[in-house]
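Here is a quick walk through the model you have open. Keep the viewer handy and click along as you read.

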Amino acid sequence: MDVNIILKIAGVGLLTAIVCVILKKTDRDEIATFATLAGLIVVIVLVIDMVSGLFDTIKNLLSL
């Protein structure tokens, strides 16, 4: 497992948290919710890419 993917996920989480705090302080709770959702979608895309690579590796190991 590569450390870079963990750092990317942590970076997206940190950036999302900062944006949400700033937006909530300015009374824009709806936009903060959308920012959180966008961060979650980015992380899900990263994880789906990792899982896809895992399935490809297993497929190659089993020669299917």
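At 1.5 Å a residue, helix 2 with its 34 residues should span 50 Å, and its end C-alpha atoms sit 49 Å apart, which agrees. The expected span here is 1.5 Å times one less than the number of residues in the helix. Helices are DSSP runs of H or I with at least four residues, strands are E runs of at least two, and both are numbered from the N terminus. Before going further: this is a predicted model, where local features need pLDDT of at least 70 and side-chain atom pairs count only at pLDDT 80 or more, while totals for chains, interfaces and linings use all residues. Residues are numbered from 1 along each chain as its sequence is written, and side-chain values use heavy atoms, with hydrogens and water left out.

Which residues of helix 2 are buried? They are Ala-32, Gly-39 and Val-43. Buried means under 20% relative accessible area, exposed means over 50%, and partly exposed is in between (1.4 Å probe, protein chains only). The buried residues of helix 2 pack against helix 1, and contact means heavy atoms within 4.5 Å. Past the end of the helix comes Ser-63, with a positive phi near 55°.

Setting aside neighbours within four places in sequence, Thr-16 touches Ala-35, Thr-36 and Gly-39. Gly-39 is itself one of the buried residues of helix 2.

## The loop

Where does Asp-27 sit? You'll find Asp-27 in the loop between helix 1 and helix 2. Asp-27 isn't a glycine, yet its phi is positive, about 60°. Asp-27 is exposed, since its relative accessible area is 66%.

## Distances between the helices

Two residue pairs let you compare sequence with space. Ala-38 and Thr-16 are 22 residues apart in sequence and 8.4 Å apart in space, C-alpha to C-alpha. Ala-38 is in helix 2 and counts as partly exposed, at 39% relative accessibility.

The other pair is Thr-57 and Leu-23, which are 34 residues apart in sequence and 42 Å apart in space, C-alpha to C-alpha. Thr-57 lies in helix 2 and, at 43% relative accessibility, counts as partly exposed.

Areas come from the Shrake-Rupley method with a 1.4 Å probe, and for residues only the protein chains shown count as cover.

At 53% relative accessibility, Ile-48 counts as exposed.

## The whole chain

How many helices and strands does the protein chain have? Two helices and zero strands. The C-alpha atoms fill a box of roughly 55 × 20 × 5 Å along the principal axes. The radius of gyration is 16 Å, whereas a compact globule of 64 residues would be near 11 Å; this is taken over C-alpha atoms, and the globule rule is 2.2 Å times the number of residues to the power 0.38.

Buried residues account for 11% of the 64 residues. The chain's accessible surface is about 5200 Å², with 72% of it belonging to carbon and sulfur atoms.
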